[in-house]
Amino acid sequence: MAKPRKVIITCAVTGAIHTPSMSEHLPVSAAEIAEAALGAAEAGAAVVHLHARDPQDGRPDQSPEAFTPFLGVIKQGSNVVVNITTGGAPTMTIEERVRPAATHQPEVASLNMGSMNFGLFPMLKRFPDLKHQWERDYLANKNIIFNNSFGQVEHILTTLGPLGTKFEFECYDTSHLYNLKHFLDEGLVKGPLFIQTVFGLMGGIGAHPEDVLHMKRTADRLFGDQYRWSVLGAGRNQLPIAAMAAAMGGHVRVGLEDSLWLAPGVLARSNADQVQKARQIIEGLGLEIATPDDAREILELKGPDRVAF
C-alpha cells in the first residue's frame, strides 16, 4: 500500500520585516523567540527559521551573541531542525549577516539568491501608530536595495559550506533561480537543493497562482530531481499558497516573519497557530507532516550533533 507523502513545515518565528508595534504577539526577547520556536515544533514544524531582535525595542540584531540564549534552549527542548538567517535585515552588511551562522554552524542557513528592491513602505498605511522611531524610519525607506551580489552569495557559500551547513535558498523572482543554477553548475552547491520560492513581497514576484506555477515550472526545468521545493507566501497569501504548493508536491513555510495573520482581520496569537493551520491543510490533502528527522533525511542534513550550539 502506498505511503502518504511527507511535507516539511518550516516556521519563521520573528524575522526582520514586521516590527513590534504591529502585533503584541511578535516574539522579541530571547525567551519569547525560544518559546515560539518550541511551540511551533510541538505543533508540527520540522524546521524553525530564526532571527534575533534587540529585547529593548525589537529592532533586528544580527550579533551572534543575540542568538546564543535561545539556540541553547531550543536544542535542549526539541529535536527540531534549526535554520539561522543570513538575510538578517536588508539594511545590514554581508559581514554582519553571515556571522551568526558562521559562529553557531546550524544544520541549515537561509541564503537570498539575488539583489532586489525591497519595499516595506506600504505597511505604514496599515500600521500608522508605531511606538519606536526606528520602526517608522525603517519602514518608510523607499531606497532599500537588498544586496545579494554574486560575490556576496559566494562568500556565504564558501564560509558556511565547509562547516556542513546546507541552505534554504530563498528565491524571490525567476532570476534568482537562474543565479542558483549558476552556482550549481560551478560546483559550489550540490543537491538536493532546498529551494524556498517567495511570493508577494514588494520588489519580488507576485502571489498570483500563475506566479507560483511559473516558479515551479522554471525550477523543474533548471533543477529536475536535484531540488526540494517549498513556498513562502507573504501576508494574506500565506495559507492559500501553502495549500497550492502542498497539493503540487511541495513543502511549506509559515510563521510571524512572513505574516502576522491567522485569518482576515485576525492576528495570529502564536507561530504555533499558523503551523496548526498549515498542518490542517496538509493532513486534509491526505498527506503527512514531516518530523525533524524526516526533514533531515529529505534534505540530507548533517544532524544536530554537528552544530556549534
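Which residue forms a salt bridge with Glu170? The points below take up that question first and then turn to other parts of this model, which is predicted.

1. Glu170 forms its salt bridge with Arg253, and the closest N and O atoms of the two are 3.0 Å apart. The pair links distant parts of the chain, since Glu170 sits in strand S8 and Arg253 in strand S11 (residues 251-254), 83 residues apart. Glu170 has a relative accessibility of 4% and therefore counts as buried, and Arg253, at 1%, counts as buried too.

2. A search of the whole structure finds eleven salt bridges. One of them joins Asp57 to Arg59, with the closest N and O atoms 2.9 Å apart. Asp57 counts as buried because its relative accessibility is 16%, which falls under the 20% limit, whereas Arg59, with a relative accessible area of 36%, is partly exposed.

3. Another salt bridge brings together the side chains of Arg296 and Asp293, at 2.9 Å from N to O. Both residues belong to helix H11 (residues 292-299), and because they are three residues apart there, about one helical turn separates them. Arg296 is buried, with a relative accessible area of 8%, while Asp293 counts as partly exposed at 45% relative accessibility. Elsewhere, salt bridges that share partners join Glu168, Glu170, Arg253, Glu257 and Asp258 into one network.

4. The largest pocket holds about 870 Å³ of space, and its lining is made up of 43 residues, of which His18, Gly200, Ala234, Gly235 and Asp258 lie nearest its centre. Among the elements that give two or more residues to this lining are strand S5 (108-112) and helix H9 (238-247). Sorted by class, the lining contains 22 nonpolar, 15 polar and six charged residues.

5. The second largest pocket has a volume of about 300 Å³ and is lined by 18 residues, with Gly161, Thr165, Lys166, Phe167 and Lys190 nearest its centre. Strand S8 (166-171) and strand S9 (193-199) each supply at least two residues of that lining, and the largest share, three residues, comes from S8. By class, twelve of the lining residues are nonpolar, three are polar and three are charged.

6. Asn179 is found in helix H7 (residues 174-185) and is buried, with a relative accessible area of 17%. A polar atom of the Asn179 side chain lies 2.8 Å from the backbone oxygen of Met113. Leaving aside residues up to four places away in sequence, Asn179 touches Met113, Gly114 and Phe150.

Note on methods. Residues numbered from 1 in each chain as written. Predicted model: local features only at pLDDT ≥ 70, side-chain atom pairs only at ≥ 80, totals over all residues. Heavy atoms only, no water. 1 Å grid on protein atoms, 1.4 Å probe; cavity = no way out; pocket = protein on both sides within 12 Å on 5 of 7 lines; lining within 4 Å. Points joined across faces, edges and corners; volume = space filled by probe spheres on them. Helix = DSSP H or I, 4+ residues; strand = E, 2+ residues; numbered from the N terminus. Nonpolar A, V, L, I, M, F, W, Y, C, P; charged D, E, K, R; others polar. Buried < 20%, exposed > 50% of the residue type's maximum accessible area, 1.4 Å probe, protein only. Polar contact = N/O pair within 3.5 Å; in protein donor to acceptor, adjacent residues only side chain to side chain. Contact = heavy atoms within 4.5 Å. Salt bridge = Lys/Arg side-chain N within 4 Å of Asp/Glu carboxyl O.
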